[in-house]
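Subject: Structure handover

Hello,

Here is the structure I promised to pass on. Please open it first, then read my notes below.

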Amino acid sequence: MPSVLVFDVNETLLDLDTLKPYFARLFGDESMQRAWFGELVTYSMAATLAGYYTDFFTLGRAVLDMLADIRGIDVTDADREELVDAMQTMPAHPDVAPGLQRLLDLGYRLATLTNSPPRQQGPSPLETAGLGAYFERRLSVDALRVFKPCPELYRDAARQLGVGVSDCMMVAAHMWDLIGARAAGFSAALITRPGNAPLPAPGLPLPTLIASDIEQLAIELDNRRKSSNAPDAV
């Protein structure tokens, strides 16, 4: 059983769907929010594979410009800054705070590992969402200048937390994140936020467990711990 839970932030803890009104205003189609985030993840991975790096928020602005150019839409500096501000101020899903508190009560150590860079001024996105106090460490890929799912990020997170990779469970709404974590030796919990599901591809690792939200994750981990501690039947 893991002793440390390492959480993804964007969409897993913070509600990406709150960006939909922004994309509806700019593109006339709120579904562009999902397209934009998918392209952002794709190009973050491409940059890492090719040996390049620019921070996630800067890349997010560039992907916005690319999608707007494809559709013949003019994007202003104010539009770009509005997107970054929205990314930094997303609220938490309603299940997150009670779920995290239950996990702390169960004795788990909690940390985060996010593609987003540290905020140089003002509160972090987690602090803005009221979640900062739940985590003993808030780690960013910015330190190693590679993006998830690079396995070295997860191994480095374990080192910084002073534990082995087998002591860690990655908690994320994205299978691509969990594949990297499993490659590094973590166990993995998939949070099935809307638009996310397991990837049953031969040769790829499946999540260790699947939960609909963070409260259910706490229940599942508690049940598994009780089951593993139960005496063998005679």
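A residue counts as buried when its relative accessible area is under 20%, as exposed when that area is over 50%, and as partly exposed in between. Keep those cut-offs in mind for what follows. Keep in mind too that this is a predicted model.

Domains

Domain 1 covers 4–14 + 91–229, and domain 2 covers 16–89. Their centres, taken over C-alpha atoms, are 23 Å apart. Domain 1 gives 23 residues to the contact, and domain 2 gives 16 residues.

Helix H3

Look next at H3, residues 56–70. This helix has 15 residues. From its first C-alpha to its last it reaches 21 Å, close to the 21 Å expected at 1.5 Å a residue.

Which residues of H3 are buried? They are Phe 56, Phe 57, Leu 59, Gly 60, Val 63, Leu 64, Leu 67 and Ala 68. An α-helix has 3.6 residues a turn, so residues three or four places apart point the same way.

At the start, a side-chain oxygen of Asp 55 comes to within 2.9 Å of the backbone nitrogen of Phe 57. After the helix comes Gly 72, with a positive phi near 70 degrees.

Salt bridges

How many salt bridges does the structure hold? The count is 16. Here are some of them.

Lys 148 pairs with Asp 8 in a salt bridge, and their closest N and O atoms are 2.9 Å apart. This pair links distant parts of the chain, 140 residues apart. Lys 148 sits in the loop between strand S3 (137–140) and helix H7 (151–161). Asp 8 sits in the loop between strand S1 (4–7) and H1. Are these two buried or exposed? Both Lys 148 and Asp 8 are buried.

Glu 82 forms a salt bridge with Arg 25, where the closest N and O atoms are 2.8 Å apart. Glu 82 lies in helix H4 and Arg 25 in helix H1, so the pair ties together parts that are 57 residues apart in sequence. Glu 82 is partly exposed, with a relative accessible area of 37%. Arg 25 is also partly exposed, at 46% relative accessibility.

Arg 80 forms a salt bridge with Asp 65, the closest N and O atoms lying 2.9 Å apart. Arg 80 belongs to helix H4 and Asp 65 to helix H3, and the two are 15 residues apart. Asp 65 is partly exposed, because its relative accessible area of 29% falls between the two cut-offs.

There is also a network of salt bridges. It links Glu 152, Arg 155, Asp 156 and Arg 159.

Cysteines

How many disulfides are there? The count comes to 0. A disulfide would need the two sulfur atoms within 2.5 Å. Cys 168 is likewise in no disulfide, with the sulfur of Cys 150 as its nearest cysteine sulfur. Cys 168 counts as buried, because its relative accessibility is 0%.

Best wishes

Technical notes. Residues numbered from 1 in each chain as written. Predicted model: local features only at pLDDT ≥ 70, side-chain atom pairs only at ≥ 80, totals over all residues. Heavy atoms only, no water. Helix = DSSP H or I, 4+ residues; strand = E, 2+ residues; numbered from the N terminus. Expected span 1.5 Å × (residues − 1). Buried < 20%, exposed > 50% of the residue type's maximum accessible area, 1.4 Å probe, protein only. Polar contact = N/O pair within 3.5 Å; in protein donor to acceptor, adjacent residues only side chain to side chain. Salt bridge = Lys/Arg side-chain N within 4 Å of Asp/Glu carboxyl O. Domains from an automatic or database assignment. Contact = heavy atoms within 4.5 Å.
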